[in-house]
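Thanks for coming. I will go through a few side-chain contacts and some strand pairing, then stop.

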Amino acid sequence: MFSRKAQALLGPFCMKVQSYIKQGIELVPVEIEVSLMPGVPNIHFLGQPDALIKESVLRIKSALKNQGYSMPQGQQVVVNLRPAQLKKQSQGLDLAVAAAYLWETGQVPNPPGQDVKLYGELDLQGAVIVPDDLKSLLRYSKHTSVMTGLSHESFEFETRQIGYLNELDSPTDVKPNQRVRHYTRPSRQNLKFPVELSKSMAVVAAGEHPCLFAGPAGSGKTTCIEAIHSLLDHPQDREFEQARQIHRILGGDLEWRPCIQPHHSVSEVAMVGGGYPVRPGIISKAHGGVLVLDELLEFNSQVKESLREPIQKGYVTVARRDQVVKLPARFLLLATSNLCPCGDLVPDKMPNCRYSLIRCRSYLEKLSGPLLDRFHMLEMTEPYSGGEEVGVEAIFQKVQSAITFRKQYRQQMLPNALIADDIVEAWVKKYDLESVMPELRMSRRRRMALVKIARTLADLEAREAMSPQHIDQAMQWTFLNFKKLATIFN
């Protein structure tokens, strides 16, 4: 409680501090402005707080009282959360609001500088607790420190840790943990694949090209995809941290790039994400890794079509009530499919199928043109009939050599599948490939896929220049197989 004279000495009641709110899977900064106004002593939040933030009023008042601090007499505490237009969700505004009030009223001296953000829960006795989602702070500055509770866990940013509210003026500074990340690559089984299929696997893994494996049952489609996951490049640090955070939200963790294989009965909401508050879906769970759609044509058409935006953009925008969240969803899409309901159809061979031609055609028509166009490659698989085979370890060594060549010699960190179209067009001009590009009716997306796969083929041969031979090889996967699929019943 303060007298009018004391209030006059303290000056205008307006203290600003920085904290965090939850947006999607990340914590983003928010400004907290605390002011005193005449009225019944209480704490009022402005700026679209959610129910959890509103509940913090009693926790903050109890914590202040049990730590020996006073609420103002005849005045109310107004807390404004900025920017005002965003719906606020947060587990850790308790500490920021209580501290801002104490610093402004002079009950605790020496407020922190502008580079300190406060994020912590309070219990009723005034103890400061580290919120579970502080580990999801991905966007932090080297010059920013976070004031929070005591923690045995190390963070990658500087923290100022306190046990109770009465330690605000004497925090313990904890330096960031400069840890070296270690990833655990999935073990590679002693598998062997036909020579032609091994070439496709190397291209998919080295360039991370979306691929549809189509063919009869028992031709090794699913086994091939599972092996590709173990051949991929190491994860990118930021992408991997995002993926880990998504898995933590959903109750798990990661040691390597995720490989998610949903059942074909999955709903659109489960695939894309939704609910209120918005939770990540399966495609976000596959962020930074592989999304496997086994028996693609058995999936609901709306589920398949919902993949078109994230395949193209690397994220999905989910709107629920007054909440619009952009969730990361960059994944390598690998799918399998039989070519007819019986699963025995093989291209270029006499069909031996117990179903009618009309039913077989309608089965393939489930694969829409726009979605099919998102696949860079189409690999036609056939039942194993003997012949030369290549071990998965040999494929791995070839893929790693291509990745090393791309990174060290060509100075390109992103896989070829993710390179922007303007760079791809520059490749065509640089290596004078326009004259050897096939004069065929194909979409721009298919043309880009053709050049990107040709670039991956050159990387696998450790060649800086793409050649007409690489274009010819890429044609089989990017155009001819798609044409064969379209005319399979003609």
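Which residue in E19 stands opposite Leu291? It is Leu333. Before the rest, the ground rules. This is a predicted model, so local features need pLDDT of at least 70 and side-chain atom pairs count only at pLDDT 80 or more, while totals for chains, interfaces and linings use all residues. Residues are numbered from 1 along each chain as its sequence is written, and side-chain values use heavy atoms, with hydrogens and water left out.

Back to the strands, which are DSSP runs of E of at least two residues, as helices are runs of H or I of at least four, both numbered from the N terminus. Strand E16 (residues 290-293) pairs in the parallel sense with strand E19 (residues 332-337) over four bridges; pairing takes at least two DSSP bridges. E16 also pairs in the parallel sense with strand E13 (residues 259-260), over two bridges, and there Ile260 is opposite Leu291. From E16, Val290 and Val292 point one way, Leu291 and Leu293 the other, and all are buried, meaning under 20% relative accessible area with a 1.4 Å probe, protein chains only.

Next, rings. Phe, Tyr and Trp (its six-membered ring) pair if their centres lie within 6.5 Å; planes under 30 degrees apart are stacked, over 60 edge-to-face, the rest tilted. That gives four aromatic pairs. In one of them, Tyr183 and Phe240 have ring centres 4.9 Å apart and planes at 80°, so the pair is edge-to-face. Tyr183 is in the loop between strands E10 (172-174) and E11 (192-194), and Phe240 is in helix H6 (residues 237-249), 57 residues apart. Phe240 is buried, at 6% relative accessible area.

How values were computed:
Buried < 20%, exposed > 50% of the residue type's maximum accessible area, 1.4 Å probe, protein only.
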